[in-house]
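User: Hi! Could you walk me through this structure? I'm new to this.

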Amino acid sequence: MMPEWLVHTIMVMAAAGGRIVRGACCAMDGMAMRVGLAIAAIVALAGPAEAIEICKGGDRAARGVTCLVDGDTLWQDGVKMRLLDIDAPETFDADCGREKDIGDLATERMQELMAHGYKLKDSGRKDRTSDKRTLVRVVLPDGRDAGQVLISEGLAQPWPNRGNKWCGR
């Protein structure tokens, strides 16, 4: 169990957005305050990783960007990749409004999932598009496949698919 002074220090720092607030822990002796502030600073800095950005702008390969295009396509260090075994709804050339809406949700959910860290597992294969995208799995820190999470949440479907289920086809 954490000492009350440490809990208080962390709560004060959380309320202050991670900033050290002078005099906020005045009930502690000097050493306890220094230790508490050091631990609270580490806790504040050890939060979740920054979310992967949604892709913007062109020339992504030359810029070496890492970003999400949609729920099943991403760029990692300037290399375009597609998730293996899933099909997420389109966000740019959607066939209907519902597909676009669910596609946006799938993209946001993938962004959330990847914000806590991820590893890419290269299948060694390329897709059949003209881009010849590398086919990968996004593996989350708890070992789950991010694409399978999207499928289980109704934000993607298995690939190969049988039509556009989001537009009723």
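Analyst: Happy to, and we'll go from the overall layout to a few details; keep in mind that this is a predicted model.

User: Great! How many helices and strands does the chain have?

Analyst: There are 5 helices and 8 strands in the chain. In sequence order, the pattern reads α-α-β-α-β-β-β-β-α-β-β-α-β.

User: And which order do the strands take in the open sheet?

Analyst: The open sheet has 6 strands in the order 1-2-3-4-7-6, and the pairing is mixed. Strand 1 (53-54) and strand 6 (119-126) are the edge strands, each pairing on one side only.

User: What holds strands of a sheet together?

Analyst: Strands in a sheet pair through backbone hydrogen bonds, in either a parallel or an antiparallel way. Here, strand 2 (residues 67-70) and strand 3 (residues 73-76) run antiparallel and are joined by 3 bridges.

User: Which residue in strand 3 is the bridge partner of Cys67?

Analyst: That's Trp75.

User: Okay, helices now. Which strands does helix 4 lie across?

Analyst: Helix 4 (residues 97-114) lies across strand 1, strand 2, strand 4 (79-83) and strand 7 (134-139). Its angle to strand 2 is about 150°.

User: Switching topic: what share of the residues is buried?

Analyst: The chain has 169 residues, and 37% of them count as buried.

User: Last one: what share of the contacts with a separation of 6 or more comes from residues 24 or more positions apart?

Analyst: Those residues account for 50% of such contacts in the chain.

Definitions and conventions:
Residues numbered from 1 in each chain as written. Predicted model: local features only at pLDDT ≥ 70, side-chain atom pairs only at ≥ 80, totals over all residues. Heavy atoms only, no water. Helix = DSSP H or I, 4+ residues; strand = E, 2+ residues; numbered from the N terminus. Buried < 20%, exposed > 50% of the residue type's maximum accessible area, 1.4 Å probe, protein only. Contact = heavy atoms within 4.5 Å. Pairing = 2+ DSSP bridges. Axes fitted to C-alpha atoms, helices over the stretch in contact; angles between N-to-C directions.
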